[in-house]
Structure formats: structure tokens, C-alpha cells
Amino acid sequence: MNPLLSLTFFVLFCSTTIITIVCSEEVIKEVHSLQEAEEQLRIQGIALYRSEDFESAAQLFSKAITLNPSNAANHAYLANAIYKAGNIPLAIKGFEKAIELDPTNARYLSNMGAILVVEKHYDEAIEIFEKSMKLQPEDGTLKKNRDTAKMFRRRQIMEDQLLTEDAQDVVDVFIGKNYTNEFEITLRLILEEDPNLGPRAMEVLKKATVISPEFAIARHVLSNTIHDWVLEHKQGDRTMLQTAKTMLKESLELVEGEMCVTENCKKRQVHFGVGEEKGEEKGEEEEKKVDYSVLGKLTSFFKKNSNNNNNNNNNNNNNNNNNNKMANSEANVIKSAPLRVVCVSTSMRTELRTLIKSAEALNYKFDVLGMDTHWYGLGSKVTMFTEYLADVDDDELVLFVDAFDVLLLPDAADIAARYADNFKGRIVIGAELACSPDKSLDLVYPGVDKTKPFQYVNSGSYIGLVKDVKMMLEDVSADIAKHHAFSGASPLALDDQRWFTRYYIRNPGVIERDEMGILFHTLHDIDPKEFTNIEGEPGRLYSNWTKSTPCLIHGNGNGLSTFHDLVRKVGEVGWPPGADKTSIAMGATNSPLEIK
């Protein structure tokens with residue numbers, strides 16, 4: 001199941017009391033009031049629920065209801081346990097009763113909606129999720145659940161459209177008519193659940209690429225479908241992968257041997273890996289520093305594809321030395337530049353409040369763009385940030401982060417120095433384990449080193465001088481205009497990570513991935529047990545995955561639950577100062593329920 005397409009089913013239990021479970025009849029005899037007996041039954045039921053003995057838990061919650069039928073929580077707990085035990089109709093009745101008794105409890109409503117999605121009552125589920133969102137507008141999980149229900153409803157419609165004779169409605173989406181990222185995720189979900197539809201999807205997507213060869217999305221989605229068909233489902237033959245690779249290279253406009261495709265990047269290009277004269281000894285610390293970046297891999301990759309003419313190589317080496325000197329001269333500028341942190345969010349949530357507190361603890365200027373405006377999609381991050389930087393001095397340092405799944409840690413106090421000392425790229429962008437959203441881009445990715453903790457671009461955090469970030473955003477916007485928005489498709493309703501990945505693949509001469517997690521630690525597929533608090537230094541985390549203490553953590557992909565666990569972990573020792581610890585704890589109580 002795609003991690004984007006899971007509902008969050010709230011466990012509802014807040015107590016962490018550990019008790020010895022005894023016979024419920026004896027408990028009732030021993031306590032002196034019905035209220036105490038009810039509470040004891042509920043505590044025992046919670047303990048049984050957590051041990052996954054759902055039927056026994058349901059029995060105790062039923063007895064608690066007998067003692068106090070007007071307590072909505074008892075009915076909600078019973079409904080949770082009955083649902084887990086597999087009796088969906090009875091669970092629905094339980095939540096209906098809980099909601100009748102407490103109609104303002106957003107989590108009861110959300111759990112009811114999740115069960116209705118299982119039953120494929122999508123319209124009813126969406127209505128209930130929207131009610132819960134009005135009750136708790138800052139709880140982003142409720143919106144995610146609503147959007148997931150919409151996705152399942154859309155899947156039902158798209159699957160029918162895909163099987164029509166000409167599938168014109170699907171073709172129209174993938175030539176830019178009414179395209180949004182949700183349609184693409186819907187198709188991905190359909191193919192995950194029924195891989196046998198792969199050939200039909202490839203046929204329809206191929207038709208879209210013929211009608212509109214410049215529209216990048218169709219090429220990406222077709223290439224991803226081919227990639228999965230050949231490598232995951234072991235169908236077709238590997239020559240299909242070459243077709244996918246050719247399609248992607250054409251869309252990316254790659255030039256063999258070039259480290260920069262766009263003119264902007266050529267002006268600011270850095271030639272990696274030529275920092276020392278031949279025969280010069282490097283100290284241990286310097287060796288370690290070089291290992292942290294992509295220098296060696298990028299150098300070997302481009303050497304293989306470059307002209308071997310000795311004269312050209314000599315000229316390139318001279319240019320490389322000059323560029324490295326320029327990069328070194330900028331290191332002091334970077335270290336002394338004022339740093340501002342920026343995110344885009346149209347609404348306030350607990351996670352954003354905590355992020356802001358972490359920036360305040362570090363004395364960083366923090367700006368939130370787009371507050372109280374309408375959200376049109378992830379492309380809004382590109383447009384809003386571009387407009388914002390127009391009035392910012394070119395020689396300032398800027399750190400862009402996602403709003404709801406990022407937390408700055410104490411080590412971010414040294415982020416400028418780490419950036420200047422460990423990277424030669426004009427911009428450093430986060431990296432992650434997954435080649436997302438396009439698995440097939442791995443076919444054309446430069447310098448992937450599977451021995452490093454992270455390999456692929458993650459656009460949830462990046463840092464650079466304002467002049468270089470402006471350059472990048474200008475080129476990303478131009479790519480979106482040329483290969484997306486020209487069709488009439490919205491430049492806002494898209495996956496921004498795809499376009500930053502395209503930028504990296506086209507221009508690795510100016511941008512580096514943080515493969516070692518020196519600055520940015522992504523959390524997709526990372527267990528929270530990989531992290532430990534550093535004793536006596538509140539908020540500092542040591543990652544066994546990267547062998548480093550990151551400046552920030554980012555709960556991308558399926559890493560959101562790990563993110564919540566780590567936020568709670570550092571919150572327990574006082575990071576960030578002044579954060580609402582109750583809200584931090586609640587952010588970590590969610591447990592995902594995948595709908596199948």
C-alpha cells in the first residue's frame with residue numbers, strides 16, 4: 001500500500017498506566033464506587049487492546065458501558081476493539097453511539113469515517129471527515145484522512161475510465177487537461193492493487209505522449225509504469241527500460257558530459273573533485289570531509305562521459321581550480337551571512353508551532369509564507385518562495401523547510417559552518433532513500449552511491465545563498481512552464497519534488513545532495529530506534545543510520561510516525577524550549593490503519 005494512501009485510525013488511549021490485569025468481576029467487588037469500577041475496566045481494556053487481545057478488550061469495554069452507558073469514551077473504545085476484531089457493522093454502531101453522546105469529538109468522527117472508507121461509503125466518509133476538520137482545524141491528520149477518502153472515490157472512477165475503449169478521460173488528464181497530482185497518485189494506486197492493468201495503462205500513457213510529447217508528466221508516469229512492470233513484476237523485457245530512459249533524457253534535455261544544462265547554472269557552476277594538486281597529501285580530517293559530499297562519484301560519472309582529449313582536460317582542470325578557489329572564497333561569506341528560515345503554509349498547526357519554537361531557540365529569523373490563503377498544491381512552494389526572495393538581499397543565507405514534518409535541532413546553530421565546510425555545491429538539498437515520486441529517474445540519476453545513507457533528492461529542505469536559490473527557482477519555474485504549464489495544467493497542482501529532482505539531474509554542477517545527513521536527516525524507512533538523545537545536551541540527537549548529529553529531521557514519506565516519535569523524544573528533555581508538551585505528545589499518538 002502506498003504510504004500516501006493510508007488513513008490514520010486514532011487509538012484514543014492517553015493513559016500510560018501499567019497495571020496487573022485481574023479478573024474484572026473481582027475488581028468490581030473490590031472497588032467502592034461504580035465510577036472507580038468503570039475506570040478500572042477501561043484501564044484493563046486498554047491494556048488488552050495494546051496486547052492485541054481485541055475480543056477480551058471488547059468484553060471489558062462492554063462491561064464499562066453497562067456501568068456507565070452515557071460515557072461516550074466507553075462506546076468509542078468498544079468500537080475500536082470491535083473494529084480490530086473484525087466486526088465492522090457493529091463497530092459502526094458503536095461509533096454512532098459515541099458521536100451521539102459527544103458530537104464534538106473530532107477523533108470519534110474520524111475513526112467512523114475510516115471505517116466507512118473500508119466499507120466503500122466514500123461520500124459519507126468525506127462528509128464526516130469534513131465535520132471533524134471543522135472541529136479541529138489544526139489537526140492535519142483529519143485533512144489527510146479526508147483527502148485519502150477522496151482518492152479512493154477517484155480510484156473507482158478512474159479504473160472504470162481506464163477500461164473504456166479509448167480511455168479518453170484518462171488520456172486528457174495526462175496531456176494536461178484538468179491534471180492534478182491526485183490523478184497521478186490514483187493511477188499509481190490502481191496499478192499497485194491490480195498490476196495486470198499495467199499494459200493497458202502503458203498503452204493509454206503512450207497515446208498521451210504522442211499527442212503531447214512536451215508534457216513531462218506523461219513521460220514520467222509511463223516510465224514509472226514500465227519500470228515497475230519490468231523490475232517489480234518481472235514482465236516484459238529489459239529493452240523496455242531503455243525506452244523509458246530515452247524518454248526521460250529527451251524530456252530532461254540532458255547533454256552528455258555537461259554538468260549544467262541551464263545557462264543560469266553554467267554561470268555559477270562548480271567543478272567537483274579537483275581541490276588539490278597532484279601528489280599533494282590530504283590530512284585525515286580533510287579526507288573525512290570529502291567523503292561527506294558527492295565529489296568523487298560525480299567526478300567519476302562525468303569523466304566517463306566527457307571528451308578524453310588531453311588539451312580539453314588540461315583546460316578543464318585549470319577551470320576547476322579557479323572554480324574551487326571561488327567556492328573556497330565564498331565559504332567565509334556563507335559562515336558570516338545572516339540566516340533566515342522559510343516555509344510555506346496556509347494554516348497553523350501544532351507541528352508548525354513547534355518548528356517555529358525551534359527556530360526561535362536558535363535565534364533565527366523565521367517566515368511563514370501564505371498563511372490564511374487558499375492552498376492550491378505543492379507548486380505553491382515554488383511560486384511563493386520565488387516572490388518572497390525578490391526582496392531579500394542576494395548575499396543572505398536562506399534555509400527552506402517543509403512546514404508540518406520538520407524540526408530544527410540544536411546542531412542547526414552551526415548549520416552555516418557545516419554547509420561551508422562540507423559542501424562545494426552552491427546549494428545543498430536534502431536526500432532520502434526513495435527515488436520519489438519517480439522510481440524510473442534512477443535510470444538517469446548521476447552519482448548514486450548505495451553505500452551512502454541517502455541517495456535521492458528530497459525537496460523538503462535546502463540551503464544556499466539567496467542569489468543561488470533564486471537562480472534555482474527561476475530554472476525550476478522555467479522547466480515547469482516549458483514542460484507542464486504550457487498545456488493549461490496548473491503550475492501549482494503538482495509534486496514539487498519531481499521538478500527539483502529534474503533540476504538536480506540537469507544541473508548537478510551547482511547543487512549537492514546531503515547524502516550523509518550532515519545537515520538534513522530524512523526519515524522515510526528509518527526506525528526511530530536509530531536515534532538516541534545525547535545525554536546532557538537537550539534536543540541533540542545522534543543518528544546511528546548516518547553516524548552524525550543532524551541539524552534537522554524531516555518526516556517525509558512513511559517517516560511521519562518516526563518524526564512524531566522523535567519530536568516527543570526531544571520534547572521530553574525540553575526541546576524546543578517553550579513548546580506545548582501536551583500537543584507534542586498528542587502528535588505522537590497516531591497509528592496508521594492501511595485500508596485494503
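Tutor: Gladly. Keep in mind that this is a predicted model. We start with a strand.

Student: Is strand E6 mostly covered or mostly open, and how many of its residues are buried?

Tutor: Strand E6 spans residues 427-432 and is mostly covered. Six of its six residues are buried.

Student: How should I think about side chains on a strand?

Tutor: In a regular strand, side chains alternate between the two faces of the sheet. Now look at the partners of E6. Strand E7, residues 456-465, pairs with E6 in the antiparallel sense over six bridges.

Student: In which sense does E6 pair with strand E8, and over how many bridges?

Tutor: The sense is parallel, over three bridges, with E8 covering residues 511-513. Here Ile429 stands opposite Arg513 of E8.

Student: Now helices. What describes a packed pair?

Tutor: Two values do: the angle between the axes and the distance between them. For H12 (residues 216-232) and H13 (residues 239-252), the angle is about 160° and the axes lie 9 Å apart. Angles over 145 degrees count as roughly antiparallel, so H12 is roughly antiparallel to H13.

Student: What is the handedness of the crossing of H12 and H13?

Tutor: Left-handed.

Student: Which residues meet there?

Tutor: On the H12 side, they include Leu222, Ile226, Trp229 and Val230. Across from them, H13 contributes residues including Leu241, Ala244, Met247 and Leu248. By class, the contact residues of H12 with H13 divide into eleven nonpolar, four polar and two charged. Arg219 in H12 and Glu250 in H13 are among the residues of this contact.

Terms used: Residues are numbered from 1 along each chain as its sequence is written. This is a predicted model: local features need pLDDT of at least 70, side-chain atom pairs count only at pLDDT 80 or more; totals for chains, interfaces and linings use all residues. Side-chain values use heavy atoms; hydrogens and water are left out. Buried means under 20% relative accessible area, exposed over 50%, partly exposed in between (1.4 Å probe, protein chains only). Helices (H or I, at least four residues) and strands (E, at least two) are DSSP runs, numbered from the N terminus. Two strands pair if DSSP finds at least two bridges between them. Axes are lines fitted to C-alpha atoms, for helices over the stretch in contact, and angles run from 0 to 180 degrees between N-to-C directions. Angles under 35 degrees count as roughly parallel, over 145 as roughly antiparallel, 65 to 115 as roughly perpendicular and the rest as oblique. A crossing is left-handed if the near helix is turned anticlockwise from the far one by less than a right angle, and right-handed if clockwise. Contact means heavy atoms within 4.5 Å. Ala, Val, Leu, Ile, Met, Phe, Trp, Tyr, Cys and Pro count as nonpolar, Asp, Glu, Lys and Arg as charged, and the others, Gly among them, as polar.
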